[in-house]
Amino acid sequence: PVHGAAQSPLNLIEMRPSPSQTVFMTETGFGTLDLATMIIEHSPCNGINGSIMASFRLDATISHKGYGLTTDGELLTILLNGDDRVRSCSVRGRRAVGVSPPVAMASVKGYLLLRTTYD
């Protein structure tokens, strides 16, 4: 969990650092950490509709795009904007994939790879 200026612990799933701030995904939304002030801001992701993300991976070629797998087995396509002026997160696609967590995710140019346990 991430602590600090956040009001409650955040379960961190994925991070994207930059020189001035770090953008991160949590189970229910996204947040930013301003590296100069060490202030954490957390916001829900538009369109997540109560789903909880179990895994998340940023796209290998498009830095503001990512993929999340929910605890219900849905694959979400998510767009992130964490610049200094506008911070937003929105679900752009939702598809049932029939895979249940835990899942390891990897993004390779043009592909999203999912690895799950196989009984």
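Biologist: What share of the 119 residues of the chain counts as buried?

Modeller: The share is 34%. Keep in mind that this is a predicted model.

Biologist: What makes up the secondary structure of the chain?

Modeller: Ten strands and zero helices. From the N terminus on, the elements run β-β-β-β-β-β-β-β-β-β.

Biologist: Why is the link of Cys-45 and Cys-89 called a disulfide?

Modeller: Look at the sulfur atoms. They are 2.0 Å apart, S to S. The cut-off is within 2.5 Å, so the pair of Cys-45 and Cys-89 counts as a disulfide. The structure holds one disulfide.

Biologist: Where do Cys-45 and Cys-89 sit?

Modeller: Cys-45 is in the loop between strand 4 (39–44) and strand 5. Cys-89 is in strand 8 (residues 87–96).

Biologist: How do you know whether Cys-45 is buried or exposed?

Modeller: Its relative accessible area is 3%. Buried means under 20%, so Cys-45 is buried. Cys-89 has 1%, so Cys-89 is buried by that cut-off too.

Biologist: Why is Arg-94 said to form a salt bridge with Glu-74?

Modeller: The closest N and O atoms of Arg-94 and Glu-74 are 2.8 Å apart. The limit is within 4 Å, so the pair counts as a salt bridge. The structure holds one salt bridge.

Biologist: What does the pair of Arg-94 and Glu-74 tie together?

Modeller: Arg-94 lies in strand 8 and Glu-74 in strand 7 (residues 74–82), so the pair ties together parts that are 20 residues apart in sequence.

Biologist: Why is Arg-94 called partly exposed?

Modeller: Arg-94 has a relative accessible area of 34%. Under 20% would be buried and over 50% exposed, so 34% makes Arg-94 partly exposed.

Biologist: What makes strand 9 and strand 10 a pair?

Modeller: Bridges do. Strand 9 (residues 103–108) and strand 10 (residues 111–116) share six bridges, in the antiparallel sense. At least two are needed, so the strands pair. Ala-106 stands opposite Leu-113 in strand 10.

Biologist: How many residues lie between the strands of this hairpin of strand 9 and strand 10?

Modeller: Two. In this hairpin, Gly-110 takes a positive phi near 90 degrees.

Biologist: Which residues form a nonpolar patch on the surface?

Modeller: Val-108, Tyr-111 and Leu-113. Together they have about 310 Å² of accessible area.

Biologist: Why is Ala-54 called partly exposed?

Modeller: Ala-54 has a relative accessible area of 33%. That value lies between the 20% and 50% cut-offs, so Ala-54 is partly exposed. Ala-54 is in strand 5 (residues 53–58).

Biologist: Which residues is Ala-54 in contact with, leaving aside neighbours within four places in sequence?

Modeller: Leu-69, Thr-70, Thr-71 and Pro-101. The C-alpha atoms of Ala-54 and Gly-68 are separated by 7.4 Å, though these residues are 14 apart along the chain.

Conventions:
Residues are numbered from 1 along each chain as its sequence is written. This is a predicted model: local features need pLDDT of at least 70, side-chain atom pairs count only at pLDDT 80 or more; totals for chains, interfaces and linings use all residues. Side-chain values use heavy atoms; hydrogens and water are left out. Helices (H or I, at least four residues) and strands (E, at least two) are DSSP runs, numbered from the N terminus. Buried means under 20% relative accessible area, exposed over 50%, partly exposed in between (1.4 Å probe, protein chains only). Contact means heavy atoms within 4.5 Å. Patches are made of residues with over 30% relative accessible area and no salt bridge: like charges are joined within 9 Å, nonpolar side chains (Val, Leu, Ile, Met, Phe, Trp, Tyr) within 5 Å. Accessible areas come from the Shrake-Rupley method with a 1.4 Å probe; for residues, only the protein chains shown count as cover. A salt bridge is a side-chain nitrogen of Lys or Arg within 4 Å of a carboxyl oxygen of Asp or Glu.
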